[in-house]
Amino acid sequence: MESREMFDEINALVGAVAKALDTSEMDVITAIEEGRLAMELMTDAEGRNFIAVDHDGKAVRVYPGAIYRQGDAPEAVDEDDCGTGGCSCGH
């Protein structure tokens, strides 16, 4: 079993970023090491948390369970639903 702190979470993040950028996990790791990939934790206008990723001028948003690429239309959120399924509102 891996004993390093946050190992599984970091692996999941790298995998999600690789999927969002349509590249391999090794390419993501290399881009991070070379300073060509930036990530920032953010919250959108709807109050949903996401990770903003910028890689060589390509911008994506990684949400829990969803990826939005530059130019994607924003997803409509039902007013009776918070849209995340992960908050404390009970949805």
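These legends describe close-up views of one predicted model.

Local features here need pLDDT of at least 70, and side-chain atom pairs count only at pLDDT 80 or more, while totals for chains, interfaces and linings use all residues. Residues are numbered from 1 along each chain as its sequence is written, and side-chain values use heavy atoms, with hydrogens and water left out.

**View 1. Helix H1 packs against helix H2.**
H1 covers residues 7–21, and H2 covers residues 25–33. Helices are DSSP runs of H or I with at least four residues, strands are runs of E with at least two, and both are numbered from the N terminus. Two packed helices are described by the angle between their axes and the distance between the axes. Here the angle is about 100°, and the axes are 8 Å apart. Axes are lines fitted to C-alpha atoms, for helices over the stretch in contact, and angles run from 0 to 180 degrees between N-to-C directions. H1 and H2 are therefore roughly perpendicular to each other. The scale is simple: under 35 degrees is roughly parallel, over 145 roughly antiparallel, 65 to 115 roughly perpendicular, and the rest oblique.

Which residues in H1 and H2 meet? Val14, Gly15, Val17 and Ala18 come from H1, and Glu25, Val28 and Ile29 come from H2. Contact means heavy atoms within 4.5 Å. By class, the contact of H1 with H2 has five nonpolar, one polar and one charged residues. Nonpolar covers Ala, Val, Leu, Ile, Met, Phe, Trp, Tyr, Cys and Pro; charged covers Asp, Glu, Lys and Arg; the others, Gly among them, are polar.

**View 2. Asp22 sits in the loop between H1 and H2.**
Most residues other than glycine have a negative phi. Asp22 has a positive value, near 55°. Is Asp22 buried or exposed? At 69% relative accessibility, Asp22 counts as exposed. The cut-offs use relative accessible area: buried is under 20%, exposed is over 50%, and partly exposed is in between (1.4 Å probe, protein chains only).

**View 3. Four strands form an open sheet.**
The order is S1-S2-S3-S4, with antiparallel pairing. Strands S1 (37–43) and S4 (66–69) stand at the edges. Each has a single partner strand, so one side of each is left without a neighbour in the sheet. Neighbouring strands are turned by 20° against each other on average, direction ignored. Two strands pair if DSSP finds at least two bridges between them.

**View 4. S2 pairs with strand S3 in the antiparallel sense.**
S3 spans residues 58–63, and five bridges link it to S2. Ala52 has Arg61 in S3 as its bridge partner. Ile51 has Val62 in S3. The hairpin of S2 and S3 has two residues between the strands. Asp56 is found in the loop between S2 and S3. Its phi is near 50°, a positive value in a residue other than glycine.

**View 5. S3 and S4 form a hairpin.**
How many bridges join S3 to S4? Four bridges join them, and the strands run antiparallel. Val60 has Arg69 in S4 as its bridge partner. Two residues lie between S3 and S4. Gly65 in this turn has a positive phi of about 85°.

**View 6. His55 lies in strand S2, residues 49–55.**
His55 is buried, with a relative accessible area of 18%. Leaving aside neighbours within four places in sequence, His55 is in contact with Leu21, Ala31, Arg36 and Leu37. A polar contact of 3.5 Å joins the side chains of His55 and Arg36. Such a contact is a pair of N or O atoms within 3.5 Å; within protein, one must be able to donate a hydrogen and the other to accept it, and residues adjacent in sequence count only if both atoms are side-chain atoms.

**View 7. Arg69 lies in strand S4.**
Arg69 is partly exposed, with a relative accessible area of 35%. Beyond four places in sequence, Arg69 is in contact with Lys19, Ala20, Ala59 and Val60. A polar atom of the Arg69 side chain lies 3.1 Å from the backbone oxygen of Lys19. The backbone oxygen of Ala20 lies 3.0 Å from a polar atom of that side chain. Arg69 and Leu21 are 48 residues apart in sequence, and 8.3 Å apart in space, C-alpha to C-alpha.
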